[in-house]
Amino acid sequence: MKNTNKLIAAGLAIAFCQQAAAINITFDYSLDANGFFNDPTRKTVLEAAGSYFENVILDDLTAITTSGGDHFNIAVKNPATGNTDTINDYSVAADTLIVFAGGRALSNSVLGKGGPGGFSGSAVTPGFFDNVISRGEGDATAAATDGPTATDFAPWGGAITFDTDVDANWYFDTDLSTSGDIVGNDFYSVALHELGHLLGIGLADSWDNLISGTDFIGAASIASFGGDVPLNPSFGHWENGTQSQVNGVAQEAAMDPSITTGTRKHFTDLDLAGLTDIGWEITAVPVPAALWLLGSGMIGFAIVGRRRSV
């Protein structure tokens, strides 16, 4: 109980230090059949990662409402099985992203997987599916039905899953104001990374349309990095070891494909620029000073930990 109270206090500090959220990231644990999130501390750390994005994303998203002859069915990668499940006649509130979260044993060195969901359905109301695709973000997002022209992204949500194997060696931080005591793989860092994929990094059409050769050429990312940004061979991450900054301090980018055991990775300037390039409206809200105490000297001294993927 003592640790739980300490973590809740840290979460409140995040809420009071940052602006009111423009979007709401709602976590749904109903598909967590393996019980990865039975421990409330794990939920609180995941929801702290969600709060970070709530405080940097400014988009206004319209609701998706199943009603009468309009049927919205979501396709979600079940976090407990890896299978794609369909949930019929679903609705999503305005300014809300739904994230189905859970865990299962993942292969090789993978710590987590995440991505946006799909959908199907039928409609009688003109423009119903245009709204499903764009969520009020305009024709650039609606053009996602024609992938090569998409410049924006506005999903209903998606799913993330985390490795349940003992050798994942998770560290669930009960005090997010410090990071010098991390032992194992920092769950908060991996949660940020997988939510980045759900928001479209490496997966959205608007991401794919900014790949040239082996580089990412989004204008905001080029400005942040100082040139075209090299991608890893799958084109879903920055190249392994890509460096950026958080509050002016150097850090390996959150959206490269690996994490070093015993360290924390915040979203860097480059990671936020990637979100901007795929269409999200991002505010430059720094990690509050009291909550960002990254031990930068630790990077490079610990062994490279388990690799993450989408």
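Start by selecting Gly-200: just after helix α5, this glycine takes a positive phi of about 115 degrees. You are looking at a predicted model, in which local features need pLDDT of at least 70, side-chain atom pairs count only at pLDDT 80 or more, and totals for chains, interfaces and linings use all residues. Residues are numbered from 1 along each chain as its sequence is written, and side-chain values use heavy atoms, with hydrogens and water left out.

Next, step back to α5 itself, residues 187-198. Helices here are DSSP runs of H or I with at least four residues, strands are runs of E with at least two, and both are numbered from the N terminus. At 1.5 Å a residue (times one less than the number of residues), the 12 residues should span 16 Å, which agrees with end C-alpha atoms 16 Å apart. Now colour α5 by burial, where buried means under 20% relative accessible area, exposed over 50% and partly exposed in between (1.4 Å probe, protein chains only). Because 12 of the 12 residues are buried, α5 is largely enclosed by the rest of the structure. Among them are Phe-187, Tyr-188, His-193 and Glu-194.

For the last stop, show residues 211-212 and 229-230: these are β10 and β12, the edge strands, each pairing on one side only. They belong to an open sheet of three strands in the order β10-β11-β12, with antiparallel pairing. Two strands pair if DSSP finds at least two bridges between them; β10 and β11 (residues 215-216) have two.
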